[in-house]
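Hi everyone, thanks for coming. Today I'd like to walk you through one protein model, starting with the whole chain and ending at a single residue.

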Amino acid sequence: MKFSKGFISRKDLGWPASAAPLKTKKTLGVKVHYEGTRSPVRDHSYCKGYWSGIRNSHLANKAEGYSDVAYSLAVCRHGYVMEGRGVGYRTGANGNQTLNANHDSVVVLYGTNDSAVSAEVVQGLKEAIQYLRTGGSGTEIKGHRDGYPTLCPGDPLYAYVKNGKLNPDLKDDDDVTPADINKIADAVVDRLLSADKFTAPKDAADYSDDPKNPRHYWTGRSVFADLVTRVRSIDKKLK
Ligand SMILES: [Zn+2]
Ligand SMILES: [Zn+2]
């Protein structure tokens with residue numbers, strides 16, 4: 001699958017294979033998360049190290065007893081998709097065993113300091129969700145707060161969870177297909193031929209020189225029909 005900005009694998013990150021449990025069934029979909037603390041706004045060159053730091057802090061969390069970073073995937077603020085546990089592994093981020101078995105997880109490396117969601121992040125999230133679907137993730141797109149008492153993923157991201165714009169099946173507004181173009185072309189031609197837009201010839205039987213009178217106008221079809229008739233009659237005379 002194609003990633004607009006790029007996919008950063010565990011191998012790229014220098015991580016070993018995940019020790020997290022494998023999924024035992026398909027999930028209903030994905031839950032979206034954020035960091036829940038302030039998140040530094042820095043150049044993309046910091047993102048790999050930053051994501052590795054999050055994994056290290058999860059591994060050091062004795063209370064949770066994590067076997068790996070808790071999230072399935074991450075999307076950095078620049079729109080790159082970074083591998084977490086990865087497709088096929090059960091997430092540890094959603095709150096409890098049942099919630100983790102029901103949904104995969106994607107964390108956006110946004111924090112409480114982020115008040116808007118960039119187009120790059122929306123695109124990265126769509127790609128992350130699409131990628132999870134290749135590994136047995138259902139079509140639901142929810143927030144961590146759905147079914148668990150937390151503010152995560154924060155109001156700006158949650159608005160996108162709700163407005164449907166993270167759906168990877170959704171085409172961009174400017175994504176016009178050749179079939180769309182054909183439909184538009186047919187509609188234009190039909191409008192041109194059927195609307196009374198052309199001044200009728202003065203020698204027409206029912207011509208009116210009053211522009212307010214409908215007889216002042218012809219449709220494109222009438223114009224063409226008239227032209228053909230005239231050309232044929234000239235042609236006949238020439239022969
Ligand atoms: Zn969360
Ligand atoms: Zn980045």
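First, some housekeeping. This is a predicted model, in which local features need pLDDT of at least 70 and side-chain atom pairs count only at pLDDT 80 or more, while totals for chains, interfaces and linings use all residues. Residues are numbered from 1 along each chain as its sequence is written, and chains are lettered from A and ligands numbered from 1 in the order in which they are written.

Let's start with the overall form. The C-alpha atoms of the protein chain fill a box of roughly 100 × 40 × 35 Å along the principal axes. The radius of gyration is 30 Å, whereas a compact globule of 239 residues would have one near 18 Å; that value is taken over C-alpha atoms, and the globule rule is 2.2 Å times the number of residues to the power 0.38. The domain assignment gives domain 1 (7-163) and domain 2 (178-238), with bounds that come from an automatic or database assignment. The C-alpha centres of these two domains lie 61 Å apart.

Next, the sheet. The protein chain has 7 helices and 8 strands; these are DSSP runs numbered from the N terminus, with at least four residues (H or I) for a helix and at least two (E) for a strand. An open sheet of 6 strands has the order S1-S4-S3-S5-S2-S6, with mixed pairing; two strands pair if DSSP finds at least two bridges between them. Its edge strands are S1 (7-8) and S6 (137-143), each pairing on one side only.

Now look at strand S2. S2 pairs with S6 in the parallel sense over 5 bridges, and 5 bridges also join S2 to S5, again running parallel. On the S6 side, Thr-27 has Ser-137 as its bridge partner, and Gly-29 stands opposite Glu-140. On the S5 side, Lys-31 has Ser-105 as its bridge partner.

How covered is S2? It is mostly covered, with 5 of its 7 residues buried. Buried here means 20 or more other C-beta atoms within 10 Å of the residue's own; exposed means 12 or fewer, partly exposed is in between, and C-beta atoms are placed from the backbone. Across the protein chain, buried residues make up 29% of the 239 residues.

What about the core? The largest nonpolar core has 33 residues, and among those with the most contacts inside it are Leu-73, Val-75 and Val-106. Such a core is a set of buried Ala, Val, Leu, Ile, Met, Phe, Trp, Tyr and Cys residues joined through C-beta atoms within 7 Å. The largest share of this core, 6 residues, comes from H4.

Finally, our valine. Val-30 sits in strand S2 (residues 27-33). Buried or exposed: which is Val-30? Val-30 counts as buried because it has 28 C-beta neighbours inside 10 Å. Leu-132 is 102 residues from Val-30 along the chain, yet their C-alpha atoms are separated by 8.1 Å.

That's the tour, and I'm happy to take questions.
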